[in-house]
Amino acid sequence: MILDWNSVWSNLGMLVDGLGVTVQISILSFLGALPLSLVAALSRRSRWIPIRLVAATYVEIFRNTPALVQMFFIFFALPSFGIRLDAIVAGVVALALNIGAYMSEAMRAGIQSVPNGQIEAAASLGLNGRQTFTRVVFPQALRNVYPAIVNLLVATILASSLLSTIAVPELTGTATVINSRTLRTFEVFAVVTVMYVVLTNTASSLLDLLGRFFLPKERYA
Amino acid sequence: MTELEGDRAGSNGANRDIVVVSHVYKKFGATAVLRDVSMRVCTGEVVVIIGPSGSGKSTLLRSVNGLERIDAGEIWVDGIPVHRRKNLRQVRTRLGMIFQQFNLFPHLTALDNLTLAPNLVLKHSRTEANEEAMALLDRVGLKDKARAYPGQLSGGQQQRVAIARALAMKPAVMLFDEVTSALDPELVGEVLNVMRGLARDGMTMVVVTHEMAFARDVADRVVFMDAGVFVEEGPPGTIFTSPADPRTKQFLRRVLEK
Amino acid sequence: MDWPVVWESRGILLHGFAVTLELSAIAIVGGGIVGLVVAVIRFARVPVVGPILRVYINIGRGTPLLMQLFFIFFGFPYFGINIDAFAAAVIALVAYTGAYVAEIVRSGLESVHRGQRDAALSLGLSFPQMMRRVVIPQAGIVALPPLVGLFIGVIKDTSLTTIIGYNELMNVSQSIVARAPNAIFTVYVVLAALYFIVCYPLSLLASRLERRALVGQQR
């Protein structure tokens, strides 16, 4: 049994296309999750109970049920209510909601981790609530939460593979298609493994670099 | 037999050189932290090492224990070559080390901190270890804190427990690495008193400290170390009142002015 | 809402639920052991094996579980080893979980202050004794909340094994829907609820453990 890499090279174009779809899905879902998570995090800290309840319900449901179930629900069950979405749209929406729930918890923790003393100091200086949040709390919360956000981007990339189950031609789905065509299982999946590892490592290293540039650790006198 | 091999034989007399440091060099990256350091400690001796921060005092102590690897030279503890790094566990049972940061095990009570090593290393039974531990806690004045956790103890109490923990292994030599530097001033005294007691009882001690009064009272020999070298050594009387080297004079002037 | 359909199928639903829990338990225990061993080996800086394990961790954490499932399910027969969905599911889940456990445990081990190791070694403890009695107990407190979070994820991830035909809860639900397509909404609600009643209490536990770990860290 010899390994034959040619069958993979001849399908490389298809794999790269699949990688492209993976990247698109990941970016769209991630960008969708960001504002959603911020709204949810702030809502959970709101003074109004109904708002807190809605946000909490959203977060807990999407964190404690499988993403696959969520995606199948949106794609297969919603049509009963007349909401018929394309596979890729359904997938992106499901991922955004799913990742958004985890992200909102990370954001909430980041905001909470800013010491009360900061808020007290801002108040003593005369800043109002909005100024305190935007100029004092949020920048520090962002610094605290950044590593978790980077991890969640990686999680999004990995979760994009779920869309293969509803026939979206992203990387994992493409791999299975090529596998059934060429039957060169090990070769195909080995290449795809490398592609995912490179993708996730690159994404996280890039974001780490960005973070070090824009959000430098405080320097103490 | 060379002189070193004679020490190696770990002679029969009660008065022997139990720690021998010979021409030791150590670098951290590009910086030389120990430069041709040599020292002998005789049983029952109390040697106090003083000097500015960064002079290599801690590194020297940690090298004797094998916690730091030396680049050149030899270190012998009770006839065992530390520099060969083959019998470090054996070496460490002869030595007791007390750290600036106490390093008590936070998940164990004071008593369990004391009995852990005798139980695991010396293979003492639970009851035997417990009995000895209680006696040691009594000796450092903390019998009533046996079941307390380190988090519930003050810094001075933690350090005294740390001393008792080291004593539980019946070391031949005890190494003290700036053990009072992290303590609030009013807690320093209780720890120094325990150390005084140990010296009185004949324990061989190598102490790195900034407490000059303690050095003057308790040391048999004081060593001034600077930039990785032993600058001067002698009895406390001589070093403190009429130091020979200008560097020693300068250091003592700065420190004693506080 | 089509409750009668669900009610009729309660037997197989509960059976699927049990299968899910069983698979989760195997993955958690297996992955936990693998991860712990890998983490300790890497912590001890063992040459050759350590770096190889690093590659394992990178692959386990850098590729999707679904892809790993496919790789194993289709890959073993490729090399002549016949493998059923259950075996593939177990191997993939244990390997995947192990990689994540290894990272969490490593982080926990490194959070224990160096001085603790110095003190233990100075007292004459051997490396295994030091790890078992001093480092791991302290690392455990720090590592426990993220580990619980990971295990919750494992329970949910077992749903992916339906894709390779393993008959756990998700798979059972899909077959119910196949027979009674109109009941799809109800079935999925019940499906989600079943996962929820297991995962939610665990996530509350994880929060509680996290608060306790934070308190312990304020020395």
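# Briefing: a predicted model with chains A, B and C

Along its sequence, chain A reads α-α-α-α-α-α-α-α-α. That is nine helices and zero strands. The model is a predicted one. Chain B has 10 helices and 10 strands. Its radius of gyration is 18 Å, close to the 18 Å given by the globule rule for 258 residues, so chain B is as compact as a globular protein of that length.

**Chain A overall**

- Along the principal axes, the C-alpha atoms of chain A fill a box of roughly 75 × 50 × 20 Å.
- Chain A has 221 residues, and 48% of them count as buried.
- Take the contacts in chain A between residues at least 6 apart in sequence: 77% of them join residues at least 24 apart.
- The accessible surface of chain A is about 11400 Å². Carbon and sulfur atoms supply 66% of that surface.
- Chain A carries 15 positive and 10 negative charges, and their mean positions lie 13 Å apart.

**Chain B overall**

- The C-alpha atoms of chain B fill a box of roughly 50 × 50 × 40 Å along the principal axes.
- Of its 258 residues, 56% count as buried.
- Among contacts in chain B with a separation of 6 or more, 64% come from residues 24 or more positions apart.
- Chain B has an accessible surface of about 11400 Å², with 47% belonging to carbon and sulfur atoms.
- The 33 positive and 30 negative charges of chain B have mean positions 5 Å apart.

**How the chains meet**

- Side chains of opposite charge can pair when their charged atoms come close.
- Over all chains, the whole structure holds 23 salt bridges.
- One of them joins B:E45 and B:R221, at 3.0 Å from N to O. B:E45 sits in the loop between β2 (31-42) and β3 (46-50) of chain B, and B:R221 in strand β9 (residues 221-226) of chain B, so the pair ties together parts 176 residues apart in sequence.
- B:E45 is at 15%, so it is buried. B:R221 is at 14%, so it is buried.
- B:K57 and B:E178 form another salt bridge, with their closest N and O atoms 3.8 Å apart. B:K57 belongs to helix α2 (residues 57-64) of chain B, while B:E178 lies in the loop between β7 (173-177) and α7 (185-200) of chain B, so the pair ties together parts 121 residues apart in sequence.
- B:K57 and B:E178 are both buried.

- In chain C, C:E103 pairs with C:R42 in a salt bridge, the closest N and O atoms being 3.9 Å apart.
- This pair links distant parts of the chain. C:E103 is in helix α5 (residues 85-110) of chain C, and C:R42 is in helix α2 (residues 10-43) of chain C, 61 residues apart.
- C:E103 has a relative accessible area of 16%, so it is buried.
- In chain A, salt bridges with shared partners join A:R44, A:E60, A:R63, A:E105 and A:R108 into one network.

**Two loop residues**

- A:L85 lies in the loop between α4 (67-77) and α5 (87-112) of chain A. Its relative accessible area is 29%, so A:L85 is partly exposed.
- Not counting residues up to four places away in sequence, A:L85 touches A:I74, A:F75 and A:A90.
- A:L85 and A:W48 are 37 residues apart along the chain, and their C-alpha atoms are separated by 33 Å.
- B:H124 is in the loop between α4 (110-120) and α5 (126-139) of chain B. With a relative accessible area of 16%, B:H124 is buried.
- Leaving aside neighbours within four places in sequence, B:H124 contacts B:P118, B:N119, B:A129 and B:E132.

Note on methods
Residues are numbered from 1 along each chain as its sequence is written. Chains are lettered from A and ligands numbered from 1 in the order in which they are written. This is a predicted model: local features need pLDDT of at least 70, side-chain atom pairs count only at pLDDT 80 or more; totals for chains, interfaces and linings use all residues. Side-chain values use heavy atoms; hydrogens and water are left out. Helices (H or I, at least four residues) and strands (E, at least two) are DSSP runs, numbered from the N terminus. The radius of gyration is taken over C-alpha atoms; the globule rule is 2.2 Å times the number of residues to the power 0.38. Buried means under 20% relative accessible area, exposed over 50%, partly exposed in between (1.4 Å probe, protein chains only). Contact means heavy atoms within 4.5 Å. Accessible areas come from the Shrake-Rupley method with a 1.4 Å probe; for residues, only the protein chains shown count as cover. Lys and Arg count as positive and Asp and Glu as negative; His and the chain ends are not counted. The place of a charge is taken as NZ of Lys, CZ of Arg, CG of Asp or CD of Glu. A salt bridge is a side-chain nitrogen of Lys or Arg within 4 Å of a carboxyl oxygen of Asp or Glu.
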